[in-house]
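Here is a friendly walk through one structure, in questions and answers. Take a look at it first.

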Amino acid sequence: MNDHIRRNMPLFPISIVKKLTELSARQIRYYEEHGLIYPARTEGNQRLFSFNDVDRLLEIKALIERGVNMSGIKEIFELQAAKENVQEKPALRKTGGMSDKELRRHLKNEVMMSGKQGKASMIQGQLSRFFH
């Protein structure tokens with residue numbers, strides 16, 4: 001099992017994430033409502049967070065402590081995602097195709113960004129079950 005898979009594996013319930021981040025459950029749910037994090041859900045609808053989710057929450061907390069508002073945080077994360085996409089494109093031209101990791105990242109980004117700016121993704125319904 002590689003590190004990427006391990007860091008994205010949903011493991012932590014909200015009670016553990018609260019202790020790790022020193023955020024309240026309400027704050028964590030608020031960030032989820034605003035599309036800043038996407039925890040997985042169990043069959044009982046319990047949120048499960050990955051290491052990457054915890055890192056993202058700590059980053060959000062640090063930005064808020066520095067005075068960045070929600071709109072600014074969203075913009076920062078969108079710019080980071082755009083930068084990652086730009087860095088991936090040269091690799092696509094060289095190989096002529098996507099690796100599984102690149103395809104998964106692209107499809108996840110497609111699902112996360114769907115519905116934004118007034119456009120809905122055609123594949124959102126099919127892919128949303130894989131990325132929560």
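**Getting to know the model**

The protein chain has an average pLDDT (the predictor's confidence in each residue, from 0 to 100) of 80, and 73% of the residues score at least 70. This is a predicted model, where local features need pLDDT of at least 70, side-chain atom pairs count only at pLDDT 80 or more, and totals for chains, interfaces and linings use all residues. Residues are numbered from 1 along each chain as its sequence is written, and side-chain values use heavy atoms, leaving out hydrogens and water.

Q: In which helix is confidence highest in the protein chain?
A: Helices here are DSSP runs (H or I, at least four residues), numbered from the N terminus. Confidence is lowest in α7 (residues 124-127), at a mean of 50. The highest mean, 95, belongs to α3.

Q: Is K61 buried or exposed?
A: K61 sits in helix α4 (residues 51-65). Buried means under 20% relative accessible area, exposed over 50%, and partly exposed in between (1.4 Å probe, protein chains only). K61 has a relative accessible area of 17%, so K61 is buried.

Q: Leaving aside neighbours within four places in sequence, which residues is K61 in contact with?
A: Contact means heavy atoms within 4.5 Å. With those neighbours left aside, the contacts of K61 are T21, E22 and L23.

Q: What is the relative accessible area of E22?
A: E22 lies in the loop between α2 (14-21) and α3. Its phi is positive, near 60°, in a residue other than glycine. E22 is exposed, because its relative accessible area is 65%.

Methods
Helix = DSSP H or I, 4+ residues; strand = E, 2+ residues; numbered from the N terminus.
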